[in-house]
Each structure stands twice: as C-alpha cells, then as structure tokens.
Amino acid sequence: MEEIVIIGSGCAGMGAAIYAARAGMSPLVIEGAQPGGLLTTTSDVENFPGFPEGVNGFDLLWKMREQAQKFGARIENAVVEKVDFSGETKKVFCSGEKVFEAKKIVVATGSSPRMTGAKGEAEMYGGKGVSACATCDGAFYRGKDVAVVGGGDSACEEAVFLTRFCSSVKIIHRRGEFRASKIMADRALSNPKIEPVWDSVVDEILPDENGLCRGVAVRNAKTGEKSEIACKAVFVAIGHKPNTDIFKGILEMDDEGYIVPLSGTQVKTNVENVFVAGDCADKTFRQAITASAMGCMAAILASS
Ligand code: NAP
C-alpha cells in the first residue's frame, strides 16, 4: 500500500511530489498521458519566480521532476482509467492493468485544450493543419501564413511565438478586443507579422485537395458577413477544459467539470484523504505558480 499517490505530473503534481517526498511519504506519481503536463508545450515561461530571463516550460517541469525524485518520489508511466475512493484504501486503476492502493491521493490531472468544434477541425487535427500547440507544431509551417483562434494570453503568446517561423499570423477573435493581459496583447499587436481579425467566428477549416488546411471560413459576429482567410495552419487557443471525467460522481464538481474543494480549504475534496491541486480545480488563476502552490498545500495537509 502506498502512503500517497499523486495523479498527474504537471506543476501541481510536482509541487505535491516535492513536498510529500520531503515529508518522507515516498510518493508515487502517475504521470498520465502527457508527462510534465501542459506547461511542457509552452516555449518561454516569463512569470515563474526565480527565472528573470524566463525559462522553457519543458525545462522547468523537468527540473521539478528531478527535484521530486531527488527526495524519493517515484514516477510511474501510466494513465489512470478508473478510481475507487469509496473505502479507506483508495484504489487507482491504470492502463496496462496496473492497480495501486493508497492511504492518500492528490488529484492533479490538469486540463486539456478546448477546440472550437468548427467543421473540418477534428478531421485536420494532428498533422493536417489544425493544432492546439504552436510550440509543438509551429516549426512545420516555416515561411507560411497561419492563423490563431482566440483572444486570451495563450492566443497572443502562440501568435508571437509563431512569428519566429511563419510569414504572417492572423489572430481570429470573436470579439473586438483581447481578453489577454495588456503586456501580452501589446506584444502581439505591435508585432508587424501579426494582424488581428476582430469580431470573427470560425465556421469551417477548409481542406485542400489532399485534405490539408488551406484556410478558414469566418463569419463576422456583428454583421454576419462571411469571408475566407487563406492559411496553411490554424492554432486553436481558446482555453482549456478540466481533465476530470474519471472523477464524475465521486468528487464534487461544478457544471464545467472543475473539482470543487471543500469550502475554505482550497485543496480538500468531499472525500476524506483525497486532495486536489492545480487546473483541474482552478478556473480563476490557472498559473504554473498557483498550481505548484496548490500541490504544496495538498501535500502538507496529506502529510499532517
Ligand atoms: P482564456 O483566458 O480563457 O481565453 C480564452 C479566449 O478564447 C478568450 O478570448 C475567449 O473569448 C476565446 N474563446 C473561448 N471559447 C471560444 C470559442 N468557442 N470560440 C472562439 N473563441 C473562444 O484562456 P487562455 O488564453 O488559454 O489563458 C488561460 C489562463 O492561462 C489565463 O489565466 C491566462 O492569463 C494564463 N496564461 C498566461 C500566460 C502568460 O502569462 N505567459 C500565457 C498563457 C496563458 P472571449 O474573450 O470572448 O471570452
């Protein structure tokens, strides 16, 4: 039986792992489908304290991982498929028919990119021109015209990143102003390769004769006017949804699927000895530092 199992290996899971390991709990971290979590797909993280020059997202997570392992955390390459939190012994059923039993659990499953649902998006996702990760796929479109969908920090950051490779980047946003922080919005709008397309909703990703992206059909949200934007890739950056499906009916969650911590605790769930940390429970802050801090809090409570 494990003292503590941490489900997820992003900022929250690693924050929990470092603190649980230093508390002598020898945590088992189940790393999930994306080892290191979403931040590993980010290029430069400029707001994590301690890195005045910025730090690559992948490098930051790998440092956290090394730090946790240094103090005795063990990392299991598996994906959790089902959990049973009904008894005192918590059971975690994973891919490869692995089952782990634990006294305490930290749920740190993070979130996944939201997609627009526009016609053609699913068909062209993953290699045919639709992507949710500029850091992963941007370099494939060197010298090409591309588009980003969204108006938040992610959309602006992805657009600026894409200007390293691409000839031009259109940011297609459904409103007439960005939701992004001023510094990120200014950085995008002042870049000569970036052009915003305001008040525009994506109706369809248009395929060429080989089924690859050739452009986007958009509709003006105010006038209804339709037009096409030629581009070889579309990067969707419209936010995220929490990865909490396996906890439905077990952990209390809101209408959007975010786990709701017990009032006043931030990291305790409705099930005793099951804690939660990071983006699967946080729709307000969603930062690397807040996720790590929630992991820390969960581990401190779990070890006390
Ligand atoms: P976000 O702030 O929730 O923004 C999502 C954007 O997508 C909004 O502009 C929204 O439009 C648009 N959108 C949502 N659903 C849509 C749909 N179905 N069709 C078209 N557009 C849609 O998400 P985010 O940009 O991923 O940022 C998430 C969090 O991470 C934020 O707290 C952000 O500050 C943080 N973050 C920080 C950094 C950084 O500081 N370096 C980088 C990335 C992210 P509306 O504006 O009309 O709602």
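A polar contact is a pair of N or O atoms within 3.5 Å; within protein, one must be able to donate a hydrogen and the other to accept it, and residues adjacent in sequence count only if both atoms are side-chain atoms. This is a predicted model, in which local features need pLDDT of at least 70 and side-chain atom pairs pLDDT 80 or more, while totals for chains, interfaces and linings use all residues. Residues are numbered from 1 along each chain as its sequence is written, and side-chain values use heavy atoms, without hydrogens and water.

**Ligand site**

The table gives distances from a polar side-chain atom to an oxygen atom of the ligand.

| Residue | Distance to ligand oxygen |
|---|---|
| Asn-47 | 3.1 Å |
| Ser-154 | 2.6 Å |
| Arg-175 | 2.7 Å |

The protein covers 77% of the 910 Å² of accessible area that the ligand has on its own (Shrake-Rupley method, 1.4 Å probe). The ligand is surrounded by 18 residues, the closest being Asp-153, Ser-154, Arg-174, Arg-175 and Arg-179 (a heavy atom within 4 Å). Helix 5 supplies the largest share of this shell, three residues (helices are DSSP runs of H or I, at least four residues, numbered from the N terminus).

**Helix 5 and helix 6**

The axes of helix 5 (residues 153-162) and helix 6 (residues 182-189) come within 9 Å and cross at roughly 35° (lines fitted to C-alpha atoms over the stretch in contact, with angles from 0 to 180 degrees between N-to-C directions). Asp-153, Cys-156, Glu-157 and Val-160 of helix 5 meet Met-184, Ala-185, Arg-187 and Ala-188 of helix 6 (heavy atoms within 4.5 Å).

Conventions: Helices (H or I, at least four residues) and strands (E, at least two) are DSSP runs, numbered from the N terminus.
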